[in-house]
Amino acid sequence: MRHDLLHFPGPGPLYLGDLTARVELAVAGTSPFDAIALVDALLLDRPGSVLKPGEAARLAVADRDRLMASLHLAEFGSRIAGDRTCEACAARFSFDFDLGDLLGALAPSQAVERLQDGWLLAEGVRFRLPTGEDERIGAASGAKAGEVIALRCLPEGEVTHLGKVSQIAEAVAPLVDLTLKTTCPECGADHAMAFNAEAYFLGSLRARRARLMADIHRIASTYGWSYDSIVDLPQAHRQGFVDQITRDREAARRARRLG
Ligand SMILES: [Zn+2]
């Protein structure tokens, strides 16, 4: 799968391999660092690619976020659905919205001038967008993470605009990190809901883990193949085998019923 980066180390393409069971089962959580590990596991070394395997931490957070959203679209489709309890009337209601629409509506609110070395100019400030590497170093500095990240995104010594970096970054490269509004169908109360595409996608992968294990178990117990060979199957092949096993079992069940 080809994905086009908008920001440094782009603009340009990167190429991702198949989401095999091995890669999916290695997803340990829903943090930015789990996202970086996933991208590294999927990155292919292809001519023209702006990122090589092992370099996912160099991705701008905004590009990684869009990448996670497009992986969600490919794996789970565009419908995001859930249930919640109304805080006003205690009614349980379900909601859904379209990730494709959200992505389409997410345009930068501010034009920006690109400089060749990856720096950007906005509101007269020279800065660059935060990357996974910045997040890593920020996280290691505890409570001061925001300030440490912002400082790394400004040229050395230019601390005047420290407080503005995250604000400008959000204006020129918005994240799919939104507050969504839902309305209770029972009492009409409005509810705000945080939605972060990256964490949501990783959470969706974690949530289908039991089904993935069941698929591996089915293939292993039917064909007797090793664990390693099954978890490295291309995703479409794995699904094809599971569908075939299901059809065979249903046919056998029908035959028993008739006999
Ligand atoms: Zn209500």
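**Figure 1. Packing of helices α5 and α6 in the predicted model.** Helix α5 covers residues 132-140, and helix α6 covers residues 145-152. Their axes lie 8 Å apart. The packing angle is about 140°. Angles over 145 degrees would count as roughly antiparallel, so α5 and α6 are classed as oblique to each other. The crossing of α5 past α6 is right-handed.

**Figure 2. Residues in the contact of α5 with α6.** From α5 come Asp 134, Glu 135, Ile 137, Gly 138 and Ala 139. From α6 come Ala 145, Val 148, Ile 149 and Arg 152. Sorted by class, five residues of this contact are nonpolar, one is polar and three are charged.

**Figure 3. The crossing of helices α3 and α8.** Helix α3 runs over residues 61-76. Helix α8 runs over residues 197-207. The two axes come within 8 Å of each other. They cross at roughly 40°. Here the crossing is left-handed.

**Figure 4. Residues in the contact of α3 with α8.** On α3, the contact uses Arg 64, Asp 65, Met 68, Ala 69, Leu 71, His 72 and Phe 76. On α8, Ala 197, Glu 198, Tyr 200, Phe 201 and Ser 204 take part. Seven of the contact residues are nonpolar, two are polar and three are charged.

**Figure 5. The buried side of helix α7.** This helix spans residues 165-172. Its buried residues are Val 165, Ile 168, Ala 169 and Val 172. They sit on the same side of α7, because their arc around the axis is only 100°. An α-helix has 3.6 residues a turn, so residues three or four places apart point the same way. The partners of the buried α7 residues are strands β6 (120-122) and β7 (125-127), together with helix α6.

**Figure 6. The whole chain, for orientation.** The predicted chain holds 11 helices and nine strands. Its C-alpha atoms fill a box of roughly 80 × 55 × 30 Å along the principal axes. The chain has 259 residues, and 24% of them count as buried. Val 165, Ile 168, Ala 169 and Val 172 of α7 are among the buried residues. Take the contacts between residues at least 6 apart in sequence: 60% of these join residues at least 24 apart.

Note on methods
Residues are numbered from 1 along each chain as its sequence is written. This is a predicted model: local features need pLDDT of at least 70, side-chain atom pairs count only at pLDDT 80 or more; totals for chains, interfaces and linings use all residues. Axes are lines fitted to C-alpha atoms, for helices over the stretch in contact, and angles run from 0 to 180 degrees between N-to-C directions. Helices (H or I, at least four residues) and strands (E, at least two) are DSSP runs, numbered from the N terminus. Angles under 35 degrees count as roughly parallel, over 145 as roughly antiparallel, 65 to 115 as roughly perpendicular and the rest as oblique. A crossing is left-handed if the near helix is turned anticlockwise from the far one by less than a right angle, and right-handed if clockwise. Two residues are in contact if their C-beta atoms, placed from the backbone, lie within 7 Å. Ala, Val, Leu, Ile, Met, Phe, Trp, Tyr, Cys and Pro count as nonpolar, Asp, Glu, Lys and Arg as charged, and the others, Gly among them, as polar. A residue is buried if 20 or more other C-beta atoms lie within 10 Å of its own, exposed if 12 or fewer, and partly exposed in between; C-beta atoms are placed from the backbone. The arc is that of the directions from the helix axis to the C-beta atoms.
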